[in-house]
Amino acid sequence: MNTTDIFLENKEPVWSAFEKWAFRVSFIFFFLLIVPLELDYYKGWFTTDWANLHIRDIGRLSGSSFNPIKIKPLFDGAADKGSLKDANTSFLTITAKEGIYGLASYINWFLALGIGIIGAFIWGFLDQKRKHYRNLYYFLLVGVSYAMLIKLQGLTFSKVFPTQMPDLALTQLNTPFGDFTAQKLYWIQFSFVHGYEVFAGLAELLIMLFLLFKPTRAVGAALSLAMIGNITFANHAYDGGIHLAAAFFTLGGAFVLWPYLKNIWTLLVLQKDVKPNLYYHDFKTPLQKYFRITFKSFVFLFFFVLSAYLHWHNYKYDSYKVPSRPGLADSRGLYDVTEFKVNNKIVPYSPVDSVRWQNVTFEKWSTMSYTVFNIFLIHGEAGRGKQFKDIDRTYESAGTGGGRRHFIMKLIPLKRRLLSKVRIKFIRMKILRFITKDHQLTESYYGVKTSIKTLFMLF
Amino acid sequence: MSFLNISNHDSSDWKGYEKILLRFFFIYFFILVVPIDWKFYQELFNINWATFNFYSLFSLTKYAPQFFGLVGYQNWLFAGFIATLATIIWTFSNTNCNYDSLYYWLRVILRYRLAIGIIAYGFLKVFPLQMPFPSLSNMHTNYGDFLAWKIYFHTLGITQGYEIFLGAIEVVAGTLLLFRRTTTFGAGIIAGFTGNVFAANIAYDASEEVYSLYLVVIALFLLIYDAKRLYSLLVLEQYTIASKFEPIYTTLGLKRLRTTLKGSVFIFLIVLGVSTYANYIKEPYKLPKKTGLEGTYGFYNVREFKYNGVVIPYTTSDTNRWQNVVFEKWATISIKIAKPVKIDTSFGDVYHTNDIDRNFESAGVGGRHYFAYQADTVSKKLSLQNKNKNHASEKFQLSYRFLNDSTLVLSGVNEKKDSVYAVLDKINKKYMLLEGRRKSVKL
């Protein structure tokens, strides 16, 4: 599209038939992608508990994804979409062989494009006399920019206050490299370099700020295209699972940058002087001015200030990825299981025994894990999202194999004994779909544990 | 304002302080970028073209002067000091020169220096040599037993396609620098890309911090040229005057010099690319060359173990008892023993001819003991030597015997003449890393 010539300041431009058609397609396509079309989204603004806000709520109010066609995961626990919420309604569900990672996962984009192409012909038929759409184009660029920065805020602030990749759990430090999925390794490489995580978060914050203001919008779009474009590639390479969310920033970045490109090319490569001639809507009437300022301030206060505050609060007091309930006091550590009995019969140590525990970790929080030599059904989930209940917070164990099993503990004080004596009740983490019929954890398992001091090279 | 805007064919008006700055930067970058260090020529003339491998060329691309044993940033300070002195002398000696030309040539030197540096690293990833796929031993090492840089390398090494993609970005950005009109695009990509590499090097302690910043600084200096124009065009949205600077080569000698230099850079890069590819195909330089003993590749549980004839049952605390053994595809064995490892803190990133010195697999990682071995398939003997320089005295003379496809008996003596006897059972393990997330997995 010959966009920069189109945006002549004074005289009304005339767009070619192709330019008008391409605009109509883009408009419908991006409209479907950025404007929430479910009633639930709008209801959310009225059903949110504003007195007890949590970042989960901001995520819900940050827009929706256009996905009338559902891709059914081939197995349970395969689908995780982070904070992106599925629409309740779907008119078609398909089970694609390449699942939720390949080209098929973009099916809703193709659908939106298809609707755009058909819609553009109808629109063109009804609107034949139109010479140009420069005003609408202006608002579409602004809309895409705002959709990008609003959708980005969760990822930004969960890195600025490093909770997206929280501290490594002891279980992770004691799991062999080959027992993690590629996705998990991609994520946890940030878990021990929080400075780098914060740096990445600040880079995303810069993109958000640049996209919010007109003079910096082109640079913001370019940064978004480059940085999140790279993340899109990485998500495909590692089966990271949020390639769709990332790809939106890549495509949006390219779309917002497009009108500036010709000027940049003319100036730098062709070495010709340039008079920028981008068109901006003139907010003339007081009502328009008032609306613009209110809307912009609202976006800033809600998605920058409030979101930052809530993420900080979560970082400081909860950190939703790992269970919030503290573990057994002073128990954090790696333990060698020196003695092990099943029904009071000693089972000697063996690395190839499917029942005998080899070692145990206790975390700062209420998770315990142990290793045996056994076959488990492993879920490939990433442990993302902002789970409310401790038992749903699977970040530390998701995407991890080997003979390691993870349990959440409830500490139950025994009334008649000393207060410091506690009985530990293990609850199977319900998200982890282990095969347990042959392997019920009962109190007849008894492990005497002696601490072994382990120095980690990493620290 | 001449740093930022040479706007027409006439020579531009350089303010006094700009001239001083340009003199400083010219000398400063000249010292840092143009090979004036004799060690460069020593390396260059020591290249043995008969046993030529790409790494000799690659090390040339990493040139940065080293003064009197100074390390890292200290060399920059020293160059700054010399440049300051020289600038003062230059300023007071009242010599006149064409500052447009001076600036142009400085940019030419920096463009080519940066292009060569970034493309060389690009090739190392396009032909994924820099981050090889983790070895089987490394897959059997706990996450916490790696140094941070090794985790960073392995996390890239598991997705060779992504490594190639990152390498391609470097090659493309470097190529854009070879042409004057696309320089800003190349420098912009490198400032972002290598800027991130620099941050990662700090975060993961990955040894290339100084060199990556060296490249970033050059990229930023090249970016300054168009910064004001871009600011005016994109931020202020004002009428913006383009740089119309075209170098004019007044003499035939100058034209020939330009063609020769440009040609040799292209030839150098092509030779570097081809030889890097050859190394990747024939013998990835970070891994040992020699193939391992046939039919042994795998992870083994040590079912039975005797030390000086005495059976030691399973234990994770005995410092003599082998717990498990990995046979690599190449001639390396790694053994899990409770004996502590004094970690090899090098980065395993240098080319070595001998397998024993190719230590990428054992550098920056604890948990296991790594041995290079010589196999004599006639007398069925293995001769093991610890690859870790801190444990170089550890040696085993073992004979091997297959009980069946998956059971192997090793027996012999160590360097202290203590006898060892181990029965190894191969475990057909499935790895989450290789099974992936796309299907439901039973491990």
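Which residue forms a salt bridge with Glu204(A)? A few notes on that and on the rest.

1. Lys159(A) is the partner, its closest N and O atoms being 3.1 Å apart from those of Glu204(A); a salt bridge here is a side-chain nitrogen of Lys or Arg within 4 Å of a carboxyl oxygen of Asp or Glu. Glu204(A) sits in α9 and Lys159(A) in α6 (residues 134-160) of chain A, so the pair ties together parts 45 residues apart in sequence. Helices are DSSP runs of H or I, at least four residues, and strands are runs of E, at least two, numbered from the N terminus.

2. Bear in mind that this is a predicted model, where local features need pLDDT of at least 70 and side-chain atom pairs count only at pLDDT 80 or more, while totals for chains, interfaces and linings use all residues. Residues are numbered from 1 along each chain, chains are lettered from A in the order written, and side-chain values use heavy atoms, leaving out hydrogens and water.

3. On to the interface: chain A puts 78 residues into the contact and chain B 66, with contact meaning heavy atoms within 4.5 Å. Two salt bridges run between chain A and chain B. In one salt bridge, Lys244(B) meets Asp273(A) at 2.7 Å, N to O. The side of chain A that touches chain B divides into 48 nonpolar, 20 polar and 10 charged residues (Ala, Val, Leu, Ile, Met, Phe, Trp, Tyr, Cys and Pro count as nonpolar, Asp, Glu, Lys and Arg as charged, the others, Gly among them, as polar).

4. Over all chains, the structure holds 19 salt bridges.
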